[in-house]
Amino acid sequence: MAKASNSEKKVEALLTPILEEKNFELVDIEFVKEGPNWYLRIYIDKEGGITIDDCEYVSRALDVKLEENDPIEQAYILEVSSPGLDRPLKKESDFEKYAGEIVDIKLYKAFEGSKEYQGALKGLLDNVVTIVDENEKEISFDRKDIASIRLAVIF
């Protein structure tokens, strides 16, 4: 999992008081280039779920702070949204909160012949993520080898 860029850290410092005021949780910040455009994506959540009005509130409040402080040199598009049902697990607290839930793991390189795994999240200990697969087999991955870990969407 990638470390936060300098731009993301600056934005997080501006964003934190806005989120704390409303009791919102910061799930993730991404500053990425896609095609010719740069995107600043903010993913937020709260107990009971985030609404469009919540996203609009954070977007407007953050936009004011970004204009005042100008922490990012290049032009970008600001997007504020919910993390969705397939929420990424990023922070250590996420691994505690969602222990026992089914997760999808994608690896940078294949492990035992596969780059994708699914199982019940056992937890995170010493930067090692452990899941229990459908055959009740425990599988552990170094966090640095994980490209993404998300809550599984099962219908």
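Helices (H or I, at least four residues) and strands (E, at least two) are DSSP runs, numbered from the N terminus. With that in hand, let's start the tour.

The model is predicted, and local features need pLDDT of at least 70, side-chain atom pairs count only at pLDDT 80 or more, and totals for chains, interfaces and linings use all residues. Residues are numbered from 1 along each chain as its sequence is written, and side-chain values use heavy atoms, with hydrogens and water left out.

**Stop 1: Asn23.** Select Asn23, which sits in the loop between α1 and β1. Its phi is near 65°, a positive value in a residue other than glycine. Most residues other than glycine have a negative phi. Is Asn23 buried or exposed? Asn23 counts as exposed because its relative accessibility is 67% (buried means under 20% relative accessible area, exposed over 50%, partly exposed in between, with a 1.4 Å probe and protein chains only).

**Stop 2: the largest nonpolar core.** A nonpolar core is a set of buried Ala, Val, Leu, Ile, Met, Phe, Trp, Tyr and Cys residues joined through side-chain atoms within 4.5 Å. The largest one here has 19 residues, and Val11, Leu15, Leu40, Ile42, Ile44, Val58 and Leu62 are those with the most contacts inside it. Now colour α1 (6–22), β1 (25–34), β2 (37–45) and α2 (52–69), the elements that give two or more residues to this core. Which element gives the largest share? That is α1, with five residues.

Zoom in on Leu62. Leaving aside neighbours within four places in sequence, Leu62 is in contact (heavy atoms within 4.5 Å) with Val11, Leu14, Leu15, Ile18, Ile42 and Leu78. There is also a second, separate core of 15 residues, including Leu89, Tyr98, Ile146 and Ile149.

**Stop 3: the five-stranded sheet.** Next, find the open sheet with the order β7-β6-β5-β4-β8 and antiparallel pairing. Two strands pair if DSSP finds at least two bridges between them. β7 (138–142) and β8 (146–151) each have a single partner strand and stand at the edges, so one side of each is left without a neighbour in the sheet. Select β4 (residues 102–111) with β8: this antiparallel pair has five bridges.

**Stop 4: Asn127.** Finish in the loop between β5 (114–125) and β6 (128–132), where Asn127 lies. The phi of Asn127 is near 65°, again positive in a residue other than glycine. Asn127 is partly exposed, at 47% relative accessible area.
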